[in-house]
Amino acid sequence: MLPGDRSLSWDDGAVVAVDQCALPGAYRLLRLSTVDEVIAAIRRLAIRGAPAIGVAGALAVALSAAAHRVGGSGVDGRCDEVAVRADARRIAAARPTAVNLGWAVERAVSKLAFGPDAVLREALAMVVEDEHVNRAVASRAADLVRRVTKRRPLRLLTHCNTGRLATVAWGTALGTIRTLAEAGQVEEVLFGETRPLLQGARLTAWELAEAGIPHRMCVDSAGPTAIATGLVDCVLVGADRVCLNGDVANKIGTYPLALAANRAGVPFVVVSPESTVDRALASGAGIEIEHRDPAEVTALAGAPITPPGTGAYNPAFDVVPADLVTAVVTENGVHRNEIRREAAS
Ligand code: MRU
C-alpha cells in the first residue's frame with residue numbers, strides 16, 4: 001500500500017503511515033482518515049521525526065478541508081475555512097519543538113481559498129518533495145563528511161532516528177549514512193539507544209539492518225566516551241529546529257555528543273532540510289522544548305523502576321549551541337555557525 005520505500009503516503013482519502021510504535025516487533029501500516037487520528041498518531045510518536053510529522057500535518061489539513069467541503073460549483077469547490085483553520089491550529093500544536101510541523105500545516109492552509117482539492121494537491125506535492133530533498137541533502141552532507149574526515153572506511157555515530165521512518169523516504173543524517181554506505185565508505189555505525197522511547201534501538205537498528213549497513217548500539221551515556229576514545233570519525237545527527245544563529249534543537253542526548261566531539265576534534269555535522277530552519281528565531285533560547293510524561297521513564301516495559309511518587313525530568317529535546325556544530329547541511333548549502341552567513345561549499 002506504500003509506494004517504493006516510502007514510510008508515509010496518501011491512499012484514497014486516508015493518511016497511510018508505518019506504525020513506528022510497533023517496530024521492530026511488527027511492521028504495521030496505520031490508516032488514518034480523521035484529523036484526530038493523525039494528531040493522536042503524532043502525539044504517541046507512531047508518526048515521528050520532524051519531516052514526517054510535517055508532511056503528516058499537511059495531509060491532516062487536507063483531511064480537514066475534505067471533511068469541511070461546502071457546496072460550491074467551482075472546479076475544486078470550497079471549504080469552511082474557519083473550521084479548517086481551527087483544525088490546523090490543533091494539528092500544529094500536536095508537538096511543539098519541530099518547526100516542520102507548523103511550517104507544513106501553514107503551507108497547506110495557504111491553499112484553502114482554492115478549495116479542498118488544492119489543499120490536497122499541495123500536501124501531495126510535499127510528499128514527493130520530501131524524498132527529493134532528503135536525497136539532495138544526504139548527497140551534499142556525504143560530500144562534506146568526505147572532506148572533513150581522513151580515515152576510510154568511516155566509523156560514524158548517530159542519535160535517535162533520522163532515516164526513512166522519520167521522513168517520507170531515505171532520511172537526513174541516516175540518509176547521509178546510506179549514501180556513504182552505498183559508496184562502500186562505511187565501516188560501522190554506532191547509534192545511541194535514545195532513551196526513553198528507544199528510537200535508536202528500535203528504529204535506527206531496524207533501518208540499518210534493512211539496508212545491510214554494519215552497526216552496533218551504543219549505550220546512551222557511553223556516546224561521549226566512544227568519541228573520546230577514538231571510535232568515531234564523524235557524528236551525524238538530524239534536527240527539529242535550527243535557529244538563525246545556528247543553534248540546533250535535536251533529540252535529548254545530542255548536546256553531550258556535541259560537547260564530546262568538540263573536545264576530541266571530531267566533526268559534528270547536522271543534516272536537515274531547509275524546512276527545519278526557523279528564520280524567525282534568533283537563538284536556541286527561544287525554542288519550546290517538549291517535556292513528556294514522567295511515566296515514560298519511571299517504568300520499564302510496564303513495570304515501575306522507581307519508588308511510588310518519584311517525579312522525573314523528561315525533556316524530549318536539547319539544544320546544541322552553534323559553536324559546537326561543525327556545519328548544518330541543508331539541500332541549499334552548507335551553513336557554518338550562523339545560518340545568516342551562508343557559506344555554500
Ligand atoms: O521525538 P522524535 O522521535 O520525533 O525526535 C526526532 C528527532 O529528534 C530527530 O533527530 C529529528 O526529528 C530529525 S528527523 C530527520
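**View 1. The ligand sits between the two domains.** Domain 1 (8-130) and domain 2 (139-336) both give residues to the shell around the ligand, so the ligand lies between them. The domain bounds come from an automatic or database domain assignment. This is a predicted model: local features need pLDDT of at least 70, side-chain atom pairs count only at pLDDT 80 or more, and totals for chains, interfaces and linings use all residues. Residue numbers start from 1 along each chain as its sequence is written. There are 18 residues around the ligand, and Arg48, Ala50, Ala166, Gly238 and Lys251 come nearest (near means a C-beta atom, placed from the backbone, within 6 Å of the molecule). Helix H2 (50-67) and strand E11 (248-251) are the elements that give two or more residues to this shell. Helices (H or I, at least four residues) and strands (E, at least two) are DSSP runs, numbered from the N terminus. Sorted by class, the shell holds eight nonpolar, seven polar and three charged residues; here Ala, Val, Leu, Ile, Met, Phe, Trp, Tyr, Cys and Pro count as nonpolar, Asp, Glu, Lys and Arg as charged, and the others, Gly among them, as polar.

**View 2. Domain 1 meets domain 2.** The centres of the two domains, taken over C-alpha atoms, are 26 Å apart. Across the boundary, 22 residues of domain 1 are in contact with 25 residues of domain 2, with contact meaning C-beta atoms, placed from the backbone, within 7 Å. On the domain 1 side, H2, H4 and H5 each supply at least two of the touching residues. H2 gives the largest share, five residues. That side divides into 14 nonpolar, five polar and three charged residues.

**View 3. H2 packs on H5.** The axes of H2 and helix H5 (residues 116-148) are 8 Å apart, at an angle of about 165°. Axes are lines fitted to C-alpha atoms, for helices over the stretch in contact, and angles run from 0 to 180 degrees between N-to-C directions. That makes H2 roughly antiparallel to H5 (under 35 degrees counts as roughly parallel, over 145 as roughly antiparallel, 65 to 115 as roughly perpendicular and the rest as oblique). The crossing is left-handed: the near helix is turned anticlockwise from the far one by less than a right angle, whereas clockwise would be right-handed. Residues of H2 in the contact include Pro51, Val55, Leu59 and Ala66, and those of H5 include Pro116, Leu120, Met126 and Asp130. By class, the H2 and H5 contact has 14 nonpolar, no polar and two charged residues.

**View 4. H3 and H4, a right-handed pair.** Helix H3 (residues 81-92) and helix H4 (residues 99-109) have axes that come within 9 Å and cross at roughly 165°. H3 and H4 are therefore roughly antiparallel to each other. Arg85, Ala88, Ile91 and Ala92 of H3 meet Leu101, Gly102, Val105 and Val109 of H4. This contact has six nonpolar, one polar and one charged residues.

View 5. Most residues other than glycine have a negative phi, and most peptide bonds are trans. The bond from Leu23 to Pro24 is cis, with omega near 5°, and Pro24 is in the loop between strand E2 (14-18) and strand E3 (29-32). Arg195 and Pro196 are also joined by a cis peptide bond, omega about 5°; look for Pro196 in the loop between strand E7 (186-192) and helix H7 (199-211). Trp170 has a positive phi, near 75°, and lies in the loop between strand E6 (154-158) and helix H6 (173-182).

Terms used:
Two residues are in contact if their C-beta atoms, placed from the backbone, lie within 7 Å.
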